[in-house]
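Trainee: I have a chain to go through. Can we take it strand by strand?

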Amino acid sequence: MKIKVLIIGHIEEPLQPAGLKQIAEQVLTAQGIDPDCELSLVITDQETIQKLKRDNLREYVPADVLAFPFVPRIKPSGSANVPWSLGKVVVSYPQAVAQS
């Protein structure tokens, strides 16, 4: 699995990308996801996730997680050496902490 972790925006606590990557791998494995895949995980602040939601979904209510799946959902034939992109998951770190 190829998991790219990005931390953007104003996050006050230091986060460990390696630990976040490991958690994402464990979740995907537990869900039976093909290990020949890639995923982008973005951890951000509330302001950034609200802007993404407003710009992409035209919604103005608070968000904790946004998912931008890659289409098509079936790995193209003839792409055996290319990881299957699952898409991007964006998490509002302050909202996740408040809900935990």
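Trainee: How many bridges join β2 to strand β4?

Mentor: This is a predicted model. Strand β4 covers residues 84-92 and runs parallel to β2. One partner pair is Ser40 with Lys88 in β4. The count of bridges joining β2 to β4 is eight.

Trainee: Which residue in β2 does Ile3 stand opposite?

Mentor: Strand β1, residues 2-7, pairs with β2 in the parallel sense. That pairing spans six bridges. In β2, the residue opposite Ile3 is Leu39.

Trainee: Why is strand β2 described as largely enclosed by the rest of the structure?

Mentor: Take residues 37-44, the eight residues of β2. Buried here means under 20% relative accessible area. Strand β2 is largely enclosed because the buried residues number six of the eight.

Trainee: What is the handedness of the unit made by β1, helix α1 and β2?

Mentor: Helix α1 takes up residues 17-30. With β1 and β2 it makes a β-α-β unit. The parallel sense of β1 and β2 was noted above. The handedness of the unit is left-handed.

Trainee: In what order do the elements of the chain run?

Mentor: The chain has three helices and four strands. Read from the N terminus on, the order is β-α-β-α-β-β-α.

Trainee: What share of the chain's residues count as buried?

Mentor: The chain exposes about 6,800 Å², with 57% of it from carbon and sulfur atoms. It has 100 residues. The share that counts as buried is 24%.

Methods. Residues numbered from 1 in each chain as written. Predicted model: local features only at pLDDT ≥ 70, side-chain atom pairs only at ≥ 80, totals over all residues. Heavy atoms only, no water. Helix = DSSP H or I, 4+ residues; strand = E, 2+ residues; numbered from the N terminus. Buried < 20%, exposed > 50% of the residue type's maximum accessible area, 1.4 Å probe, protein only. Areas by Shrake-Rupley, 256 points an atom, 1.4 Å probe, with all protein chains shown as cover. Pairing = 2+ DSSP bridges. Right-handed = clockwise from strand over helix to strand, strands pointing away.
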